[in-house]
Amino acid sequence: MTDLPARNTGAHFVYAELKRQILSLELKPGERIFEPAMASALRVSRTPLREAIRRLISENLLEQQPTGGVLVPSLDEAVISELYEVRAAMESLMARNACIKATPSDIEALRGILARNAAVVEFADDAMRQGMALHSRLAEIAGNSWARRFHDQVSNHMERYRHFTNSTQGRRDEALTQHRALVDAVAAGDPDNAAKIAFEHVMGARDAAVRAISGSGLGIS
């Protein structure tokens, strides 16, 4: 963990930095949060740190133990599956809605993202960013604010697992093929096919994540 220069010492900064470390796996699953060491590393007092910890516990990004200790949650296969199932349902709904609302300029924008995705498909982080951009643009086109709100909440928790979903070239190529098929279905105004493709794409990402985590040495319960 890299020490940070002294700056904003408010609870919001501490919350944002701890959350970043949890979602990026810089703080490992099962790792205990020791308040004195963490406060020293972040160069803050214990008060904003405790406020941030309470907030992260309420979001299930930290766990309060019966003994009083605070841990980073383990990688739980059941939790991962539930998150991806909910996201798949939201993506399916938004893909269906996007078919109804997409304009020619929207389709052009989606195809532009696909072109960028194809150009960087050999690079895991870049490919992941373009995939996220495609899903975000589809959500904008769909225009269902409640679906997007719930989707964003689920996606927030999934950050810990997301980089596992495209860790192999085979999975990145498969995801690009699915993205192309999804955009084609939206362009054709085929809501049933778009919804099906979106759902299967996310469930494929779930399976890839579980396989990658199982072989990562981080452990999965």
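Figure 1. Starting at the N terminus, the elements follow one another as α-α-α-β-β-α-α-α-α-α-α. That gives nine helices and two strands in the chain. What you are looking at is a predicted model. Along its principal axes, the C-alpha trace spans about 60 × 35 × 30 Å. The views that follow turn to helix H4 and two of its partners.

**Figure 2. Helix H4 from end to end.** H4 covers residues 77-101. How far apart are the end C-alpha atoms of H4? They are 36 Å apart, and this agrees with expectation, because 25 residues at 1.5 Å a residue should span 36 Å. Have a look at the start of H4 as well: there, a side-chain oxygen of Asp76 comes to within 2.8 Å of the backbone nitrogen of Ala78.

**Figure 3. Helix H4 packed with helix H6.** H6 is the helix of residues 124-142. The axes of H4 and H6 lie 7 Å apart, and the two helices pack at an angle of about 55°. H4 and H6 are therefore oblique to each other. Their crossing is left-handed. Which residues meet here? From H4 come Arg87, Glu91, Met94, Asn97, Ala98 and Lys101, while H6 brings His135, Leu138, Ala139, Ile141 and Ala142. Sorted by class, the residues of this contact are six nonpolar, two polar and three charged.

**Figure 4. Helix H4 packed with helix H8.** On the H4 side, the contact is made by Ala95, Ala98 and Cys99. Facing them in the contact are Leu182, Ala185 and Val186 of H8. What classes of residue does the contact of H4 with H8 have? It has six nonpolar residues, with no polar and no charged ones.

**Figure 5. Ala98, a residue of H4 in both contacts.** Ala98 is among the H4 residues that meet H6, and Ala98 also takes part in the contact with H8. To find Ala98's surroundings, look for Asn97 in the contact with H6 and for Cys99 in the contact with H8.

Technical notes: Residues numbered from 1 in each chain as written. Predicted model: local features only at pLDDT ≥ 70, side-chain atom pairs only at ≥ 80, totals over all residues. Heavy atoms only, no water. Axes fitted to C-alpha atoms, helices over the stretch in contact; angles between N-to-C directions. Helix = DSSP H or I, 4+ residues; strand = E, 2+ residues; numbered from the N terminus. Parallel < 35°, antiparallel > 145°, perpendicular 65-115°, else oblique. Left-handed = near helix turned anticlockwise from the far one by under 90°. Contact = heavy atoms within 4.5 Å. Nonpolar A, V, L, I, M, F, W, Y, C, P; charged D, E, K, R; others polar. Expected span 1.5 Å × (residues − 1). Polar contact = N/O pair within 3.5 Å; in protein donor to acceptor, adjacent residues only side chain to side chain.
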